[in-house]
Amino acid sequence: MDHLLSIKRLGPDGIIRILDRAAELRGGAVPEIGRTHYISNLFFEPSTRTKTSFEVAERRLGLEVIPFEAGFSSTLKGETLYDTVRTLEAIGLDALVIRHPEDRFYKDLEGRTSVAIINAGDGSGQHPTQTLLDLFTLREEFGTLEGLKVTIAGDVSHSRVAKSGRDALKMFGADVRILCPPEWKGDFDSVGDWDEVLPDSDAVMLLRVQHERHSGEGSFSAEGYHSRYGLTVERAGRMKKDAIIMHPAPVNRGVEIADELVEHSRSRIFRQVENGVYVRMAVLETILKGRD
Ligand code: CP
């Protein structure tokens, strides 16, 4: 594995290898990193979880983490992403973790740089490490990914989490159901309703409404959205025994999910965040060992 660009390219065998290694690391396995590696995190969009958990994963692996602040970089003077990456490669960086507002930002880099690229979220495209931590959390809970029924509810057309999640879950024969306003369906197959999907869903994954990616759309009512599409306390009470609540976060409490459910016994939201550190350690270790 030279890069991590999309979950489809990683494929089911690659996914399982990362999840297995993340489980070993979570269980206390000692990371296997050879020589010194230099890595930097280039975030051109806001992030709390992904950026911080990559930084923790990198430090736990003993990597040399080189600070990069997009808001103080020469990209503000018009330097392209390609020239930025080539510059950091020339300086001696081995790997770059990149979040960028453009879908498939990496298409301009492929085959043109020897630095390893890890996609930390491309526009409305993919979020492979979020999907890996979601799969890790599901497998940890249910012991398998095969045949799970997962309902993804929210702004799926703008959600890289929904798209890479769907791609991955389908590789394992999971039944992915979508619940959202019809105009936010994007290229997803069908739109269910709560009464239809709640009784047999193993997991309900809520998504934030991505207002920053909407343009020229009508007024939005948080209360109206919550009552029609949100996971309310009443709906959570109708989830089947042992079903779990997931959310990639950040959460807008009271919009896509009731405030009381964020830390409910069914919720795995903070467990997902915890698991993200081990999954990212496994990704980085796998890529960097391949460069030794
Ligand atoms: N889930 C996720 O990607 O969160 P951040 O935007 O805070 O990194």
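Author: Happy to. Let us start with tyrosine 229, which has its place in helix 7 (residues 222–229). Helices here are DSSP runs of H or I with at least four residues, strands are runs of E with at least two, and both are numbered from the N terminus. Please keep in mind that this is a predicted model: local features need pLDDT of at least 70, side-chain atom pairs count only at pLDDT 80 or more, and totals for chains, interfaces and linings use all residues. Residues are numbered from 1 along each chain as its sequence is written.

Is tyrosine 229 buried or exposed? Tyrosine 229 counts as buried because it has 22 C-beta neighbours inside 10 Å. The cut-offs are 20 or more other C-beta atoms within 10 Å for buried, 12 or fewer for exposed, and partly exposed in between, with C-beta atoms placed from the backbone. Leaving out residues up to four places away in sequence, tyrosine 229 touches Ala153, Leu179, Cys180 and Pro181; a contact means that the C-beta atoms of two residues, placed from the backbone, lie within 7 Å. Arginine 21, by comparison, is 208 residues from tyrosine 229 in sequence and 36 Å from it in space, C-alpha to C-alpha.

Now for the wider setting. The chain is divided into domain 1 (7–126 + 274–289) and domain 2 (128–270), with bounds that come from an automatic or database domain assignment. Their centres, taken over C-alpha atoms, are separated by 26 Å. Where the two meet, domain 1 gives 25 residues and domain 2 gives 22 residues. On the domain 1 side, the elements that give two or more residues are helix 1 (7–26), helix 2 (49–60), strand 4 and helix 9 (269–289). Helix 1 has the largest share of that side, with eight residues.

Strand 4 also belongs to a sheet. Four strands form this open sheet in the order 2-1-3-4, with parallel pairing; two strands pair if DSSP finds at least two bridges between them. Strand 2 (64–66) and strand 4 (116–122) are the edge strands, each pairing on one side only. Strand 3 (residues 95–100) pairs with strand 4 in the parallel sense over five bridges, and alanine 95 has alanine 116 in strand 4 as its bridge partner.

Stepping back, the chain has nine helices and eight strands. Of its 292 residues, 43% count as buried.
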